[in-house]
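The notes below go through a single chain point by point. Please read them with the sequence and the model open.

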Amino acid sequence: METGSPHEAGTAGAAGTAGAAGTARAEPVWHGLPPGLLRMRRMLLSVWLGAAALAAGLLPGLLAGPPWAAFALLPLALLAWGLLMLGRNWRSWRYAERADDLLISRGVLWREETVVPYGRMQLVEVTSGPVERHFGLASVQLHTAAAATDATIPGLDPAEAERLRDRLTELGEARSAGL
């Protein structure tokens, strides 16, 4: 399941070609998050900030007069900005399965890349709250001995989340057998 923006797929291929020529180690195959996660987050933002705009415009407009209803513009501007930022954040999330570890990369301004060795994984969970279930999504959470390296991959299709959980559990058991 390779998803994400077409721009990322083009750059990953170009970087993989250049990286493979210079080193013996192949570039990882990155997987983006499904668009359902972006739809869910945009819907939640719209509901909450839409309600805030209604309250910020209606209450002052009724109590202090119509010019005060302009306060509704602040949550609406925040909604427009938030919709753009959610898209950038969604495009920044990706993960890759390598031979010895799992890579999770995220972040727009502060790029964060987490490397979780299969042998260090203690627990792999698949979770799905009521809103996630409504949108057909699930999250995979990885727990390791060090609390700082716990990692989550949000918004996956449930079948992909279960496949990833089973694969990571299998690889974790195989790698930790020597410990």
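Is R163 buried, partly exposed or exposed? R163 has a relative accessible area of 36%, so R163 is partly exposed; the cut-offs are under 20% for buried and over 50% for exposed, with partly exposed in between (1.4 Å probe, protein chains only).

1. Basis. This is a predicted model, in which local features need pLDDT of at least 70 and side-chain atom pairs count only at pLDDT 80 or more, while totals for chains, interfaces and linings use all residues. Residues are numbered from 1 along each chain as its sequence is written, and side-chain values use heavy atoms, with hydrogens and water left out.

2. Overall architecture. The chain holds 5 helices and 7 strands, taken as DSSP runs (helices H or I, at least four residues; strands E, at least two) and numbered from the N terminus. In sequence order the pattern is α-β-α-α-β-β-β-β-α-β-β-α.

3. The chain has 179 residues, of which 35% are buried. Among contacts (heavy atoms within 4.5 Å) with a separation of 6 or more, 52% come from residues 24 or more positions apart. The accessible surface is about 10,500 Å², and carbon and sulfur atoms make up 65% of that area; the areas come from the Shrake-Rupley method with a 1.4 Å probe, and for residues only the protein chains shown count as cover.

4. Helix α2. This helix covers residues 35-64, and its 30 residues should span 44 Å at 1.5 Å a residue; the end C-alpha atoms are 43 Å apart, which agrees. The expected span is 1.5 Å times one less than the number of residues. Buried positions in α2 are G36, L37, L38, M40, L49, A53, A56, G57 and G61. Their cover includes α3, α4 (130-134) and β7 (151-156). Just after α2, G65 has a positive phi of about 120°.

5. Helix α3. The 20 residues of α3 (residues 73-92) reach 29 Å from first C-alpha to last, close to the expected 28 Å. P75, L79, G82, L86, G87, W90 and S92 are its buried residues.

6. Salt bridges. The count is 6, where a salt bridge is a side-chain nitrogen of Lys or Arg within 4 Å of a carboxyl oxygen of Asp or Glu. One of them joins E97 and R167, at 2.6 Å from N to O. The two sit in distant parts of the chain, E97 in strand β2 (residues 94-97) and R167 in helix α5 (residues 158-176), 70 residues apart. E97 is buried, at 19% relative accessibility, whereas R167 is partly exposed, at 33%.

7. R163 forms a salt bridge with E160, with 2.9 Å between the closest N and O atoms. In general, an α-helix has 3.6 residues a turn, so residues three or four places apart point the same way. E160 is buried, with 11% relative accessibility.

8. R106 and E112 meet through their side chains in a salt bridge of 2.8 Å, N to O. R106 is buried at 17% relative accessibility, and E112 is partly exposed at 41%.
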